[in-house]
Amino acid sequence: MFNELWQKRIQLLEEEILLELNRTPSINDTLKESMEYSLMAGGKRLRPILLMAAADAINGSGSKFLTTATAIEMIHTYSLIHDDLPAMDNDDFRRGKPTNHKVFGEAIAILAGDALLTLAFEVILRQRGVSHAAILFVVDEMSRAAGMNGMVGGQTIDLLSEDKKIDLDTLQKMHIGKTGALFKAAIRSGAILAGATGEQLEYLTRYANYFGLAFQITDDILDVIGDEKALGKPTGSDERNKKSTYVTLTSLDEAKKLAEQAVENALNSLSIFDAEADFLRDLVKYLLTRKK
């Protein structure tokens, strides 16, 4: 049931992504091809799935918010395009395919990322069936998550930390911004769109924080012991780039224990919810066994 619902929603999302991307004609075909190349390169669609799952936990209305879910996938894809650039992580493959700049060149890749980020906010404003206040809440959440105290800030810490030994507090601050912020924005946005109470939002925010932590720790673990074919990108990049991770700052065994504790804390954060939150429960438990 868990995998079936996930795959069904991925299919719905990908249909919606193409619909939103093609809604407005582009003045340049190359730019649009570059945007579509990365948007449709596959992946888990985890952030939009989380947005819809959070709405499900409130009142089972997740599929009503495909439009906003599509927008957050655009923001995520923009970040991947830019993260892969030579000036950033300098990666050649993403999701088993050549990275955007390897196909379209560095300049077009930068512009495609810029275009996806700005298009995302246009798409959010197309969401129907919710109040203007809820839309403003989502715009605020997404802009903060993508900005200087979110993904951009976290990536900055990441870049400035290369070839340096950083402490665990700095590592956590980096990943709260770089990875956790967009997870939290997805979950909080889904909850608000579905009409969450203050208490429900508080508990889901707590879940989001632990989910982001569990995801990052398991990501660090996979960079050491993961299978390159399953991951769709080379492993060992953290070691090559001399980056501090949860594995290097603790140990592989300790990192696994930290991930298990984060998952347990996330599950405890869903204590006020009934079966409507089971997908969120299964999703965070999946992090401990994921291969990609």
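Mentor: On a 1 Å grid over the protein atoms alone, a cavity is a set of points where a 1.4 Å probe fits but cannot get out. Here the largest cavity holds about 120 Å³, a volume being the space filled by probe spheres set on the points, which are joined across faces, edges and corners. This is a predicted model, in which local features need pLDDT of at least 70, side-chain atom pairs count only at pLDDT 80 or more, and totals for chains, interfaces and linings use all residues. Residues are numbered from 1 along each chain as its sequence is written, and side-chain values use heavy atoms, leaving out hydrogens and water.

Trainee: Which residues are closest to the centre of the largest cavity?

Mentor: Lining residues have an atom within 4 Å of a point. There are 13, and Ser 38, Ala 41, Asp 84, Arg 94 and Asn 100 are the closest to the centre. Helix 4 gives the largest share of the lining, three residues.

Trainee: How are helix 4 and helix 6 oriented to each other?

Mentor: Axes are lines fitted to C-alpha atoms, for helices over the stretch in contact, with angles from 0 to 180 degrees between N-to-C directions. Helices are DSSP runs (H or I, at least four residues), numbered from the N terminus. The axes of helix 4 (residues 66–83) and helix 6 (residues 106–124) come within 8 Å and cross at roughly 160°. Angles over 145 degrees count as roughly antiparallel, and helix 4 and helix 6 are therefore roughly antiparallel.

Key:
Helices (H or I, at least four residues) and strands (E, at least two) are DSSP runs, numbered from the N terminus. Angles under 35 degrees count as roughly parallel, over 145 as roughly antiparallel, 65 to 115 as roughly perpendicular and the rest as oblique. On a 1 Å grid over the protein atoms alone, a cavity is a set of points where a 1.4 Å probe fits but cannot get out, and a pocket is an open set with protein on both sides within 12 Å along at least five of seven lines; lining residues have an atom within 4 Å of a point.
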